[in-house]
Amino acid sequence: MIKTVPLWQEQAPIPPSIGTNSNPMSVDVAVIGGGYTGLIASRRLQTLGIKTAVFESGQIGSGASSRNGGKALVGLKKD
């Protein structure tokens, strides 16, 4: 059977409230893309007190971030 939902999303589903807020009137930084990099960047900026918003055209984490098997650098995977 071919699964269409990544394992991480099966184990920790995205809450239905994500993405239901209206766009903010102003932010210090607008992060374009809701993949691993965009979400981590936004989270880090917020811990520094910087007001951010993440803009994603699809579902959060639905692109390459959830499809690459967790390999940031292919040559570092153990056999």
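**View 1. Ile18 in the loop between H1 and E1.** In this predicted model, Ile18 is found in the loop that links helix H1 to strand E1. Helices (H or I, at least four residues) and strands (E, at least two) are DSSP runs, numbered from the N terminus. Ile18 is partly exposed, with a relative accessible area of 46%. Buried means under 20%, exposed over 50%, partly exposed in between (1.4 Å probe, protein chains only). Ile60 is 42 residues from Ile18 in sequence. In space, the two are 8.4 Å apart, C-alpha to C-alpha. Residues are numbered from 1 along each chain as its sequence is written. Local features need pLDDT of at least 70, side-chain atom pairs count only at pLDDT 80 or more, and totals for chains, interfaces and linings use all residues, while side-chain values use heavy atoms, without hydrogens and water.

**View 2. Asp28 and Ala53.** Asp28 also lies in the loop between H1 and E1. Asp28 is exposed, with a relative accessible area of 55%. Along the chain, Asp28 and Ala53 are 25 residues apart. Their C-alpha atoms are separated by 8.5 Å.

**View 3. Strands E1 and E2.** Strand E1 spans residues 29–32, and strand E2 spans residues 52–55. The two run parallel and are joined by four bridges. Strands pair if DSSP finds at least two bridges between them. Ala30 has Ala53 of E2 as its bridge partner. Val31 stands opposite Val54 in E2.

**View 4. The β-α-β unit.** The chain has two helices and two strands. From the N terminus on, its elements run α-β-α-β. E1, helix H2 (residues 36–47) and E2 make a right-handed β-α-β unit. Right-handed means that, with the strands pointing away from the viewer, the path from the first strand over the helix to the second runs clockwise. Of the 79 residues of the chain, 16% count as buried.

**View 5. Ser42 and Thr52.** Ser42 is found in helix H2, and Thr52 has its place in strand E2. Both residues are buried: Ser42 has a relative accessible area of 4%, and Thr52 has 12%. Their side chains make a polar contact at 2.7 Å. Such a contact is a pair of N or O atoms within 3.5 Å; within protein, one must be able to donate a hydrogen and the other to accept it, and residues adjacent in sequence count only if both atoms are side-chain atoms. Ser42 is also 10 residues from Ile32 in sequence. The C-alpha atoms of Ser42 and Ile32 are 9.8 Å apart.

**View 6. A nonpolar patch on the surface.** Trp8, Tyr36 and Ile40 form this patch. Together they have about 310 Å² of accessible area, from the Shrake-Rupley method with a 1.4 Å probe, where for residues only the protein chains shown count as cover. Patch residues have over 30% relative accessible area and no salt bridge; like charges are joined within 9 Å, nonpolar side chains (Val, Leu, Ile, Met, Phe, Trp, Tyr) within 5 Å. A salt bridge is a side-chain nitrogen of Lys or Arg within 4 Å of a carboxyl oxygen of Asp or Glu. Trp8 lies in helix H1 (residues 7–11). Trp8 is partly exposed, with a relative accessible area of 32%.
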